[in-house]
Amino acid sequence: MNLFNVYPLFNINPVKAEGSFLWDENSKKYLDFYGGHAVISIGHNHPYYQTKLKEQLEKISFYSNSVQNHLQTELAEKLGEISGYEDYSLFLCNSGAEATENALKLASFHNGKKKVVYFSGSFHGRTSAAVSVTDNPKIVAPVNFSERFIKCEWNNINQLNQIFQDHKNEISAVIIEGIQGVGGIILPSEELIFSLKKLCAENEVILIMDEVQSGYGRTGNFFAHQEFDIQPDLITIAKGMGNGFPIGGILISPKFKASNGLLGTTFGGNHLACAAGIAVLDVIKNENLIDNAEKIGSYIENKIKGFPNIKEIRRRGLMIGIELDEPCAEIRKKILNEHHVFTGNSSNPNVLRLLPALNITEKEADLFINALESVLQNH
Ligand SMILES: Cc1ncc(COP(=O)(O)O)c(C=O)c1O
């Protein structure tokens, strides 16, 4: 059987990883400045993470959500403490798309309304409702299309007000990323966030903050939206949450009431996933990785500021977008093939997206900085 061929692949087969490095089958070493799409939060194969997962594997790796699982409770308590959302509750699932899907459902269950507002440039996942609120016609199949999903231009407050006026009493939720990731590291304006806060509160609309990519300490706050004085009703999480182990979730404000069977999943919150999630939170806390994200992020920004061809650097912590004055595909290829550094792209062809592990060091960052400088100068 062949694989269903949907991914354009680099011709690299990593067989080993440690910290911010990967090795291929020929022992060639690569620096990981992308964390496999923002997933590697505490570094590859962190020893504490490995120990926790191995210990759990030897005890019990799975039982269904029909029994007590104290690991889920421990994860929720630790997440509440580190995020400051102690009074919220946690629903566990397996991925970012599932988190989006369940958040949209929960909002609609709560207020009985059907329409959802999303933003241009957004990415919230590839499943049914999640892809309907994702701004990429190429991945929205006819079955996913519905006029219930209303697109608003990013940072366009007038249009947002108009949408709220036109669809009064029909809007269930607004969904927005803490910082747009796939869209090219696009930060929301303070005005947008406060308009959303006000409009949602006044119209009984649920505000869903997608922190799947921008959360978990990446931006120098636990969540990107914590730069502002706002508490969304629902916050979705995944990616960095398990450092590679599939896990996602929703932080749910106290105004939502749970009932048996309202949401559910077979694998969500299984023992191994929780062990991974707990290990990640322990390491983020014990190693002060949220502070490190801002420290190294600002170090990188200062070093690359004057490099040629850079039009703009958009950044919070270690969520970094470098917008060049030309498409970055060739530059990215050279950084990988000639300097052995993984970086990411985005839906804006000119933007290089950087999402390294939160425990990356200055010395490791220098390897990327030198590679970028050399490629831009000799380009
Ligand atoms: C902001 C955001 N939300 C949701 C998702 C979907 O997550 P997953 O690929 O785990 O379904 C992604 C994935 O890139 C994302 O960046």
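1. How many other C-beta atoms lie within 10 Å of Asp24, and is this residue buried, exposed or partly exposed? In this predicted model, Asp24 has 16 other C-beta atoms within 10 Å and is therefore partly exposed, since a residue counts as buried at 20 or more such atoms and as exposed at 12 or fewer. Asp24 is found in strand E2, which spans residues 21-24, and, leaving aside neighbours within four places in sequence, Asp24 is in contact with Ile12, Asn13, Pro14 and Val15. Between Asp24 and Ile310 there are 286 residues of separation in sequence and 31 Å in space, taken from C-alpha to C-alpha.

2. Strand E2 belongs to an open sheet of 4 strands, whose order is E1-E2-E3-E13 and whose pairing is mixed. The edges of this sheet are formed by strand E1 (14-18) and strand E13 (341-342), each of which pairs on one side only. Strand E3, residues 29-32, pairs with E13 in the parallel sense over 2 bridges, and within that pairing Leu31 has Val341 of E13 as its bridge partner.

3. The loop between E2 and E3 holds Ser27, a residue that is not a glycine and yet has a positive phi of about 65 degrees. Most residues other than glycine have a negative phi. Ser27 counts as exposed because 8 other C-beta atoms lie within 10 Å.

4. Ile185 also has a positive phi without being a glycine, with a value near 55 degrees, and this residue lies in the loop between E7 and helix H7 (190-203). With 28 other C-beta atoms within 10 Å, Ile185 is buried, whereas Ser27 is exposed.

5. As to overall organisation, the protein is divided into domain 1, made up of 14-46 + 304-377, and domain 2, which covers 47-286. The centres of domain 1 and domain 2, taken over C-alpha atoms, are separated by 26 Å. To the contact between them, domain 1 gives 21 residues and domain 2 gives 28 residues. On the side of domain 1 that touches domain 2, two or more residues come from each of helix H1 (35-38), strand E11 (310-316), strand E12 (319-324) and strand E14 (351-354), and the largest share, 3 residues, is that of E12. By class, this side of domain 1 consists of 9 nonpolar, 9 polar and 3 charged residues.

6. His46 lies in the loop between H1 and helix H2 (47-59). This residue counts as buried because 22 other C-beta atoms lie within 10 Å of His46. Beyond neighbours within four places in sequence, His46 is in contact with Asn243 and Val283; although His46 and Val283 are 237 residues apart in sequence, their C-alpha atoms are 8.9 Å apart in space.

7. The largest nonpolar core has 107 residues, and the members that touch the most others are Ala173, Val174, Ile208, Leu234, Ala276 and Val280. Helix H8 (residues 271-286) supplies the largest share of this core, 11 residues, while domain 1 and domain 2 each contribute at least three residues. Leu234, one of the members named above, is in contact with Ala103, Leu106, Ala107, Ile206, Ile208, Ile250, Ile252 and Ser253 once neighbours within four places in sequence are left aside.

8. Strand E5, residues 115-119, is mostly covered, with 4 of its 5 residues buried. E5 pairs in the parallel sense with strand E7 (residues 171-177) over 3 bridges, and in the parallel sense with strand E6 (residues 149-152) over 4 bridges.

9. The ligand is surrounded by 15 residues, of which the closest are Ser95, Gly96, Ala97, Gly125 and Val212. Helix H4, residues 96-111, gives the most to this shell, with 3 residues. By class, the shell around the ligand has 5 nonpolar, 8 polar and 2 charged residues.

Terms used: Residues numbered from 1 in each chain as written. Predicted model: local features only at pLDDT ≥ 70, side-chain atom pairs only at ≥ 80, totals over all residues. Core = buried A, V, L, I, M, F, W, Y, C linked by C-beta atoms within 7 Å. Domains from an automatic or database assignment. Contact = placed C-beta atoms within 7 Å. Nonpolar A, V, L, I, M, F, W, Y, C, P; charged D, E, K, R; others polar. Near = placed C-beta within 6 Å. Pairing = 2+ DSSP bridges.
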